[in-house]
Amino acid sequence: MSVLDNKKISFIGGGNMAQALISGLVSCGIKPSLITVADPSSEAREQLAAKGLNTVDPTADAKAAVIDADIVVLAVKPQVMKAVVSSFADVLDKQLVISVAAGLSTELLSDMLGGCENIVRAMPNTPAMIQMGATGLYGTDNISAEQKQLATAVMEASGLVMWVDNEEHMHAVTAVSGSAPAYMFYFIEAMVDGAVALGLDKEQASALAMQTMLGAAKMAMGSEDAPSELRRKVTSPNGTTQAAIESMQANDIGRQIGEAMQACYDRSQALSEEMSK
């Protein structure tokens, strides 16, 4: 039995992330009839309705969807959040509100929502689209233990969930998971280019690089050893792997990765500051 059983969930915004979360919820056994999506696009509403979901035009019926909901998921772009929520902020009461909008603090969201304090801020990443996401969550002090369980269940339907106790740590979540799929794609891209330069065709190089990335991640997740120990175990003295690792160390790749994550962190902070003005 799930904590989400018979809970009515309304999504404000029906874009890619909302659809990823909805797919995860349905795959976990949540009845589509309990999910409502408000989106301004009639085409999007038709596509969502074809999946058995309740769909409404937010300019007309979002307020009704929110009043009737146990959980409201805000899945619109941060730049339009204030305008979108203004139509129903006055009917928010005991509903749990989950925001997946980047850069909007819980304090700013509360102001936009007319003082609502039942807010959980989420930072998911794009692998949520295949139920392999990694999401950081932060909740206001007003969030109850039950609401925390509900938020966890909603986001866990699409992957791993981690809570942070300090809202500032959401910037670190952005650096290590929110933006990080792009780092992985960049690394795969470089490996493919390197393999092609060494004589493989692109199809061979891509298949080998992607499977290796997937296999290494699964191996690390299933092992009691730290990644550093796993690396040590597969690095034979004077072998091919050692030659590659020594090249990376000589080029200070570890420091460069850390600097890239710091740049991501700094930009996340700056965006939050810009949104609060």
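1. Helices (H or I, at least four residues) and strands (E, at least two) are DSSP runs, numbered from the N terminus. By that assignment Thr-135 lies in strand S7, residues 133–139. Thr-135 has 7% relative accessibility and so counts as buried, where buried means under 20% relative accessible area, exposed over 50%, and partly exposed in between, with a 1.4 Å probe and protein chains only. Leaving aside residues up to four places away in sequence, Thr-135 touches Ala-122, Met-123, Pro-124, Met-155, Leu-160, Val-161 and Met-162; contact means heavy atoms within 4.5 Å.

2. Basis of the values. This is a predicted model, in which local features need pLDDT of at least 70 and side-chain atom pairs count only at pLDDT 80 or more, while totals for chains, interfaces and linings use all residues. Residues are numbered from 1 along each chain as its sequence is written, and side-chain values use heavy atoms, with hydrogens and water left out.

3. Overall. The protein has twelve helices and eight strands. Its C-alpha atoms fill a box of roughly 65 × 40 × 35 Å along the principal axes. Of the 277 residues, 40% count as buried. Among contacts between residues at least 6 apart in sequence, 61% join residues at least 24 apart.

4. The unreviewed UniProt entry places the feature "binding site" at Ile-12, Gly-13, Gly-14, Gly-15, Asn-16, Met-17, Ala-75, Val-76, Lys-77 and Pro-78. Of these residues, the lining of the second largest pocket includes Ile-12, Gly-13, Gly-14, Gly-15, Asn-16, Met-17, Ala-75, Val-76, Lys-77 and Pro-78. UniProt positions are in the numbering used here, feature names are shortened, and annotations may be inferred rather than shown by experiment. On a 1 Å grid over the protein atoms alone, a pocket is an open set of points where a 1.4 Å probe fits, with protein on both sides within 12 Å along at least five of seven lines; lining residues have an atom within 4 Å of a point.

5. Two residues of that site. Gly-14 lies in the loop between strand S1 (9–12) and helix H1 (16–27), and is buried at a relative accessible area of 3%. Beyond residues up to four places away in sequence, Gly-14 touches Gln-19, Val-37, Ala-38, Asp-39 and Leu-48. Lys-77 sits in the loop between strand S4 (71–74) and helix H4 (81–85). With 63% relative accessibility, Lys-77 counts as exposed.

6. The unreviewed UniProt entry gives "domain: Pyrroline-5-carboxylate reductase dimerisation" for residues 167–270. That span is 81% helix and 0% strand, and its end C-alpha atoms lie 15 Å apart.

7. Helix H9 (residues 202–221). Its 20 residues reach 28 Å from first C-alpha to last, close to the 28 Å expected at 1.5 Å a residue; the expected span is 1.5 Å times one less than the number of residues. The buried residues of H9 are Ala-205, Ser-206 and Ala-209. Seen down the axis, these buried residues fall within an arc of 100°, so they line one face of the helix; the arc is that of the directions from the helix axis to the C-beta atoms. On the other side of H9, Glu-203, Leu-208, Gln-211, Lys-218 and Met-219 are exposed. Helix H8 (180–197) is included in what covers the buried residues of H9. At the N-terminal end, Asp-201 caps H9, with a side-chain oxygen 3.1 Å from the backbone nitrogen of Glu-203.

8. Helix H12 (residues 253–276). At 1.5 Å a residue, its 24 residues should span 34 Å, and the end C-alpha atoms are 35 Å apart, which agrees. The buried residues of H12 are Cys-264, Ser-268 and Ser-272. Their cover includes strand S6 (119–123), helix H7 (169–178) and H8.

9. Cys-28 is in the loop between H1 and strand S2 (35–38), and is exposed at a relative accessible area of 53%. Cys-28 and Glu-156 are 128 residues apart in sequence and 9.6 Å apart in space, C-alpha to C-alpha. Gly-52 lies in the loop between helix H2 (42–49) and strand S3 (54–56) and is partly exposed, at 40%. Apart from residues up to four places away in sequence, Gly-52 touches Pro-32 and Ser-33. Gly-52 and Ala-244 are 192 residues apart along the chain, with 52 Å between their C-alpha atoms.

Terms used: Polar contact = N/O pair within 3.5 Å; in protein donor to acceptor, adjacent residues only side chain to side chain.
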